[in-house]
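Subject: Structure for your files

Hello,

Here is the structure I said I would pass on. My notes on it follow below.

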Amino acid sequence: MYGFDRDGTIIGSLTSYEANHPQNIKSVQDMVLIQPVVDWINTNGGIVLSNQDGPSKFKHWVNIAHEFKYLMDIVPGLQACFWSMAHRGVEGAVCHHLTRDGQGKLVHGQTKMEGSTTFRKPDEGMAVLAKKMGYSLTHYMGDLSGNPDYANGKDSDLFFALNSRLKYIDVRDFIKGV
């Protein structure tokens, strides 16, 4: 099963990292889909594993949960979404998850960090939790791949995949190959 970053991979812009920043999503209508990735998910399935800075800086966690619910409504191939956020000032201390129950109803939950591994990428905590919940991840697609011409060379998606022992796919390489 494939895991996907949200901002810059499923929604947003392939050319501007700044355009994908959480502060630029004011409402669900601002969520522009990256259609080739969405088409692949709707055909093959997948889950989202994504860092979200909003609760600590830009938005309340309820707004972010609403964004993920909306995303799962418009991308029915998504089986679950996991997102990391700060809790009481600790980055990656909590992982929220939105899953579908047996009838397709969305169920929201949260898991608090145990031990030293956080849920914040590039740590593997979100992947470990997803696997514990029954999602057999093999690949991860993201936009932060260490490319010096994009996002100042940020590489948290690449290292999340490596730390989680997943095969990594850069979204721009995927789009070129579609």
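Helices (H or I, at least four residues) and strands (E, at least two) are taken as DSSP runs and numbered from the N terminus. With that numbering, strand E6 spans 139–142 and helix H5 spans 156–163, and Asn-152 sits in the loop between them.

Some ground rules before the rest. This is a predicted model, in which local features need pLDDT of at least 70 and side-chain atom pairs count only at pLDDT 80 or more, while totals for chains, interfaces and linings use all residues. Residues are numbered from 1 along each chain as its sequence is written, and side-chain values use heavy atoms, with hydrogens and water left out.

Overall picture

The chain has six helices and seven strands. Read from the N terminus, their order is β-α-β-α-α-β-β-β-α-β-α-β-α. Of the 178 residues, 49% are buried; here buried means under 20% relative accessible area, exposed means over 50%, and partly exposed is in between (1.4 Å probe, protein chains only). A contact is a pair of heavy atoms within 4.5 Å. Among contacts with a separation of 6 or more, 63% join residues 24 or more positions apart. The chain exposes about 8,500 Å², of which carbon and sulfur atoms supply 51%. Accessible areas come from the Shrake-Rupley method with a 1.4 Å probe, and for residues only the protein chains shown count as cover.

Strand E2 (residues 46–51) has six of its six residues buried. In a regular strand the side chains alternate between the two faces of the sheet. In E2 both faces are covered, with Gly-46, Val-48 and Ser-50 on one side and Ile-47, Leu-49 and Asn-51 on the other. Strand E1 (residues 2–4) runs parallel to E2 and is joined to it by two bridges, and two strands count as paired if DSSP finds at least two bridges between them. Gly-3 stands opposite Ile-47 in E2.

Asp-5 is in the loop between E1 and helix H1 (35–44). Asp-5 is buried, at 6% relative accessible area. The C-alpha atoms of Asp-5 and Ser-50 are 5.1 Å apart, although 45 residues separate them along the chain. Leaving aside neighbours within four places in sequence, the contacts of Asp-5 include Leu-49, Ser-50, Lys-121, Tyr-140, Met-141 and Asp-157.

Pro-122 is in the loop between E5 and H4. What does Ser-156 touch beyond its neighbours within four places in sequence? Its contacts are Lys-121, Pro-122 and Leu-144. Ser-156 lies in helix H5 and is buried, with a relative accessible area of 16%.

The second largest pocket

On a 1 Å grid over the protein atoms alone, a pocket is an open set of points where a 1.4 Å probe fits, with protein on both sides within 12 Å along at least five of seven lines; lining residues have an atom within 4 Å of a point. Grid points are joined across faces, edges and corners, and a volume is the space filled by probe spheres set on the points. The second largest pocket holds about 220 Å³. Strand E5 (106–112) and helix H4 (125–132) are the elements that give two or more residues to its lining. H4 gives the most, with four residues. Among the lining residues are Thr-111, Phe-119, Glu-124, Gly-125, Val-128, Leu-129 and Lys-132. By class the lining has four nonpolar, three polar and four charged residues; Ala, Val, Leu, Ile, Met, Phe, Trp, Tyr, Cys and Pro count as nonpolar, Asp, Glu, Lys and Arg as charged, and the others, Gly among them, as polar.

The buried residues of H4 are Gly-125, Met-126, Ala-127, Leu-129 and Ala-130. Ala-127 is also in contact with Ser-164, as are Glu-124 and Lys-131. Ser-164 is in the loop between H5 and E7 and counts as buried at 5% relative accessibility.

Positive phi

Asn-152 has phi near 55°, a positive value in a residue other than glycine, and is exposed at 74% relative accessible area. Arg-165, not a glycine either, has a positive phi of about 60°. Arg-165 is in the loop between H5 and strand E7 (167–170) and is exposed, with a relative accessible area of 74%.

Regards
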